[in-house]
Amino acid sequence: MEFRVLGPVEVRRHGSRVPLSGTKLHTVLAALLMSREEVVSDDRLSRLLWGWTPPATASAQLYTYVSRLRKILGDDILIDRRPPGYAMAIGNSSLDLIEFQELDREGREALSAQDHERAGDLLRGALARWNGPPLANTTDHLAAAEAPCLTEARAVTLENRIAADLALGRHEEITVELTGLVAEFPLRERIRCQLMTALCRCGRQADAIHLYHHGRAVLAEELGVDPGEELQATYRALLDGSLVRHPRRAGAPAASEPGGRRQGERETHGVPATLPPDTVDFTGRERELELLSRALTPDASAADRPRRVLVTGMAGVGKTALAVHAAHRCKRHFPDGQLYADLRAPDGTARPAGGVLVQLLRALGLALGSGVADDTDELVRLYRERTGGRRLLVLLDNAASAAQLGPLLPNTPEPAVLVTGRTALPTVAGAHTVALDPLEDGPALQVLAAAAGPERIAAAPGAAAVIVEHCAGLPLALRIAGTRIAARPHYAPDRFARRLADPDTRLRELHSGDLDVQGALLASWRALRPDARRAFPDLGGMGPEPFPAVRAAGLLGLPEGEAELLLEALADEALLEVSGADEWGRPCYVFHPLVRLFALSLPDDRAQGAPAGRFRGGVTGG
């Protein structure tokens, strides 16, 4: 049996399409397939089917959809009920997404090894698995959650396949294709670089120069930013004549690439470089950036001590942006490479350490068999062997727990580890910890101006001040606000400020593309233990002022000690802040304004149906 999600969701048996009726049935099937035999909770399935307003019969309907799938797919496909949801095993059946990812991985490895012919074949094979826009016949909720990541993966594979073709001297054959891709993806700088390279090698230098200036204007108009380093380096190479050099054939000496690096040098030496792109307009964290830079810089007097640096703070406060910017700033200190891994899945759940280790080892150039990939102890041994003694920078983003983080730490002092997480992690022993608070008004205004364009903000200072106030110093909210203003040249900041003024709709306005304040906070809420998750919406009623545990106990109907444990659990996930003490010396807690709005936005069914007084008589276990 064949399953397809890279296009319309389909099932084929012996080459013939298996009839499936209805968008929701396709959605349930796609969600289970993409989970890779992991449990998909009823809550997630409900959200993917109906969004925030599921019907009262949601559980019954979900059971019906699963029953229909079992009947249609037959005994070869196993759909298990595993509380709190369902898991699907497809056995020997195929899934186009898995095939795409395997071919893409092999293609990237071949590209790194400069086997361009094989890389091109493998990457073309990966792209052949696509059959249109992914998840095309599923609900908008599933498409919005999963399609952007899939589309981005396809675009990166396409860029790598073109890189292989350029290395093989096929610039004339791909110029037309690249012209269409630049029109389709005008903001993807790598594709623009590739078309400039192809045009230049076809003797069309004037067209390549025009393409650069057009790209520069598009970036300024759409995003308010200048071209990135790769696009600028390609332009410089175009002007000095080095871009026109054709790629070397087998046995020919290596030619210089844009920016002075020799072709294939990084790949030949196996130096990983998997950091996300740097934020071009990073601003607002100068003091914290300096602290991180000092902590990551090698110190001869402490050469025998591991460098462990931890950045903490609530969701959306800018931990990842700061860490990535600091990592790029310090790259020169780590000639053996830089590694990056996100330790949480897109839905906010913690990724198993084994899966992260497989990702890191592949970035380090180690091909893994299926048996090794399932043996966590062996993966830890290989990882520590590969990182030992090497001057690497390892950025571990969104760490969930000490248990998850422990296997990912090298065991020699040469590699430096930069970790981000919502709270302190004891596994990072002796770490330099940088705790991020929401921004003050001045730096917040800088972040807003960097995203929206300084001219737009300078022309509307009153509206900018209101937007900064409503974003409450949260960099994610400020960047979303700025992005929305920048994307609409005729959209006055005053109008957006008025839209943010309504607390009931403020979170809905703070959404742009894959940037979403509510979604970021939802991941923190899901990570709570069940009793804290149920209590959270009620606690939103405590108001904007600091409150002690005794007041929360009265609201929840709990003893003060149990209420304090709940509040500490919320503080551990950075959904509450500890704010001094009251007149009797009891610790007080306070909501960030946007977190409180998020708590109040959770309807009862999102809080697992906890009615008033549910917490009387004690706290359920976590």
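This is a predicted model: local features need pLDDT of at least 70, side-chain atom pairs count only at pLDDT 80 or more; totals for chains, interfaces and linings use all residues.

**Charges over rings**

I started with Arg-154, whose charged end sits over the ring of Trp-130, 5.9 Å from the ring's centre. For this I count a charge as over a ring if NZ of Lys or CZ of Arg is within 6 Å of the ring centre and within 35 degrees of the ring normal. I then found Arg-533 over the face of Trp-525, at 5.9 Å from the ring centre.

Residues are numbered from 1 along each chain as its sequence is written, and side-chain values use heavy atoms, with hydrogens and water left out.

**Aromatic pairs**

Next I asked how many aromatic pairs the structure holds. I got 5. Rings of Phe, Tyr and Trp (its six-membered ring) pair if their centres lie within 6.5 Å; planes under 30 degrees apart are stacked, over 60 edge-to-face, and the rest tilted. I looked at Phe-536 and Phe-598: their ring centres are 5.8 Å apart and their planes stand at 45°, so I logged the pair as tilted. This pair links distant parts of the chain, with Phe-536 in helix 25 (residues 530-539) and Phe-598 in helix 28 (residues 593-601), 62 residues apart. Helices (H or I, at least four residues) and strands (E, at least two) are DSSP runs, numbered from the N terminus.

My cut-offs are under 20% relative accessible area for buried, over 50% for exposed, and partly exposed in between (1.4 Å probe, protein chains only). Phe-536 and Phe-598 also form one aromatic cluster with Phe-547 and Phe-591.

**Helix 28**

I stayed with helix 28 and listed its buried residues: Leu-594, Val-595, Leu-597, Phe-598 and Ala-599. They pack against helix 20 (461-471), helix 21 (475-486), helix 23 (506-509), helix 24 (517-526) and helix 25. Contact here means heavy atoms within 4.5 Å.

Two strands pair if DSSP finds at least two bridges between them. Strand 15 and strand 17 (residues 587-590) are joined by 2 bridges and run antiparallel. Which residue of strand 17 is the bridge partner of Phe-547? I found Tyr-589.

I moved on to strand 9 (residues 338-342), where 4 of the 5 residues are buried, so the strand is largely enclosed by the rest of the structure. Strand 9 runs parallel to strand 10 (residues 393-399), and 5 bridges join them. Asp-342 stands opposite Asp-397 in strand 10.

I also opened the sheet of 4 strands, which is open, has the order 3-2-1-7 and is mixed in its pairing. Its edge strands are strand 3 (16-17) and strand 7, each pairing on one side only. Strand 2 (residues 10-13) joins strand 3 through 2 bridges, and the two run antiparallel. Arg-12 has Arg-17 in strand 3 as its bridge partner.

**Single residues**

Ser-93 lies in the loop between strand 6 (85-89) and strand 7 (94-95). Ser-93 is buried, with a relative accessible area of 16%. Leaving out residues up to four places away in sequence, Ser-93 touches Met-1, Phe-3 and Ile-77.

Asp-115 is in the loop between helix 4 (96-112) and helix 5 (116-127), and counts as partly exposed at 34% relative accessibility.

Last, I checked Leu-211 in helix 9 (residues 205-223). Leu-211 is buried, with a relative accessible area of 11%. Not counting residues up to four places away in sequence, Leu-211 touches Val-182, Arg-192, Leu-195, Met-196 and Leu-199.
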